[in-house]
Every structure is written in structure tokens, then in C-alpha cells.
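I would ask everyone to turn to the sequence and the model, which I shall now put on the screen.

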Amino acid sequence: MTVERSILLIGESNVGKTHYGAQFLKRLMVKECSLQMSGAPTNIEAFSNALACLTEGKATAHTPSEAYLESVWPVISEQGGHAELVWPDYGGEQVSSLVAQRQIPVKWKERVMGATDWVLMLRLQSIRFEEDLLSRPFHTLFERDKENDQTKAGDQPTVDKQSDVFDMSDQARAIELLQILLYFSKANLDQPLEQPRLTILLSCWDELKTEELPGQLLESRLPMLWSFLCSNWMSPEVYGLSSLGRPLSTDSPDEDYEIQGPEEFGYVVLPDGSQNKDITLPIQRLMANEA
């Protein structure tokens, strides 16, 4: 079987990668979507453990920061399209470290270079929106220095000047991450990219309590990132994603989950604002729209 697409899922800490993978796996198992496995997946232990927690109505624990357990799922669509769905199940801190150190592990590099599609998960609730070096007017950068110089003798400044001035915001770090991945993918940036294609999943959508379209919300919350995406990709698609449909506790079970099963919960918000319980739709659309 020839694999037509290689779809790589990327996300920092606490964006819900494992929960999404567990719910995705459950949809495949009970055939609640139009995708199906076309072969044996590799290394699904982390997702199986998460699914066991969800079956009991509980959220799963956070992935350890040092873990890296790559899981590859061969899937096929109703139209006959084939793809490898690559879940690098890692602690999201590894992604943050990648940006800070500007170094990419060999395993990451191989997958980035071979991927035809990237799916980037963002959790807007966890993103800091403070101004930083790239978004703050230049003349204001040293205003805090002036304020600190005026402190009374003997007073100790409470803010470290250098870290305050040059700290990178979460928005800037997301752009830096994409730039690093683009460099290693050897993408031609002379014109908007057709490959690797990019899909954005705004996770934990139920927590946002918004009626905005996913793309509009991303543009309003992270305008610098949105501008970067539109400058470098032909047609980045943005979805809202609620893998669980509601918040779950790691200790107290949710009775509805126990009774109905986790596959009855969760949904995606499509770019046009319509809602669908089939959380595999973003992947289906990637496979249907061959580049």
C-alpha cells in the first residue's frame, strides 16, 4: 500500500493531544466516523490508557515531559485515500524546549521532513497575551528601566530588567516553532505554501464560551500569528475542537461518560461555524483535498 499523506500532529504542553488521540481512536474502534484503520497501528499504549480513563469518566494524567512514544496509524477514507496519522506522544515541554534551544531531535526532524500535512493544536486559554519585544512599541521598552532608576535608595527592584524586556510571548514562540519546522522541512517560502499544508485546531473549545468563527477568533486573539500563517500558507484551515465536550476530573468520575461511553462526547467546530460530533473531520478533509 502506498501512503499518500503523512499527517503530523504538533502541540505544546496542556493542549489536549492525548485526549484527542484517545477519542479519535475510540471513533475508529466503534466505527463512528468515515475513516477506518487500514493496518495495525504502532504503539497505542498511551492512548489506550487515556481511553480507559475516559471510559471511567475521568481525565487522563499529563504526559511526562521526558516521554516520547511515537504512534503511527495507517488510515483510509471512504474515498479510498490513504494516510499515515503520526501522533508523537510527548510531553509538550519538549516543544517549548525545541524553541528555546533551537535544536530539533533526530526523530522530530525525520517526521517533519516527511510530513505532507501539519496539524497544530493551540489552547487559547493557556496562551499569555502580554506585550513583548515584537509587539510592544520600541520607545516603551525601557520605560520600566526609568521607573526603576527612580526608586528610592535601598529599594530592591522587583522585576529583572533583562528578562522583562526580552521575554518571548507565547504568540511569538508559536511563530518561532513554525519557522524552525519550516527550516527543517526545506519548504520553499518564495510563495505561499501548498505543502506541508497546515491545519489549526483550537482545543478545549467548550471552555472559550464564544460564538465567533474559529478563524476569526484566532485572528482577534493572536493577530501576529494569524498574519504569519496567511503570509506563508495558501489556505490554512482553523477548527474549534472539544475532544471531551466538557471538563473532566482525574479523580471524580463523570456518570454520563460511564453510562453512554466517551464516543458520545466531543465535537469540532468547522471553519464556517457549524458543529459536528465527528472529531475526525479535520483529518478527513485533509485526506479528501489532495494537494
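Helix α1, residues 17–30, is mostly covered, with twelve of its 14 residues buried. Buried here means under 20% relative accessible area, exposed means over 50%, and partly exposed lies in between, judged with a 1.4 Å probe and protein chains only. Among the buried residues of α1 are Lys17, His19, Tyr20, Phe24 and Leu28. Just after α1, lysine 31 takes a positive phi of about 55°.

A word on the source. This is a predicted model, in which local features need pLDDT of at least 70 and side-chain atom pairs count only at pLDDT 80 or more, while totals for chains, interfaces and linings use all residues. Residues are numbered from 1 along each chain as its sequence is written, and side-chain values use heavy atoms, with hydrogens and water left out.

Now the protein as a whole. It has eleven helices and nine strands; these are DSSP runs numbered from the N terminus, helices being H or I with at least four residues and strands being E with at least two. Of its 291 residues, 50% count as buried.

Next, strand β5. How many of the six residues of strand β5 are buried? Six of the six are, so β5, residues 117–122, is largely enclosed by the rest of the structure. Asp117, Val119 and Met121 point one way from β5, whereas Trp118, Leu120 and Leu122 point the other way.

Which strands pair with β5? Strand β1, residues 5–11, runs parallel to β5 and is joined to it by five bridges; two strands pair if DSSP finds at least two bridges between them. Within this pairing, isoleucine 7 stands opposite aspartate 117.

We come to charged side chains. Side chains of opposite charge can pair when their charged atoms come close. A salt bridge is counted when a side-chain nitrogen of Lys or Arg is within 4 Å of a carboxyl oxygen of Asp or Glu, and the count comes to eight. In one of them, the side chains of arginine 5 and aspartate 117 meet at 2.6 Å, N to O. Arginine 5 lies in β1 and aspartate 117 in β5, so the pair ties together parts that are 112 residues apart in sequence. Both arginine 5 and aspartate 117 are buried.

Aspartate 254 forms a salt bridge with arginine 246, their closest N and O atoms being 3.1 Å apart. Are these two partners buried or exposed? Aspartate 254 is buried, at a relative accessible area of 14%, whereas arginine 246 is partly exposed, at 28%.

Lastly, asparagine 232 is placed in helix α9, residues 223–232. Its relative accessible area is 14%, so asparagine 232 is buried. Leaving aside residues up to four places away in sequence, asparagine 232 touches Leu189, Pro192 and Leu193, where contact means heavy atoms within 4.5 Å.

Thank you for your attention.
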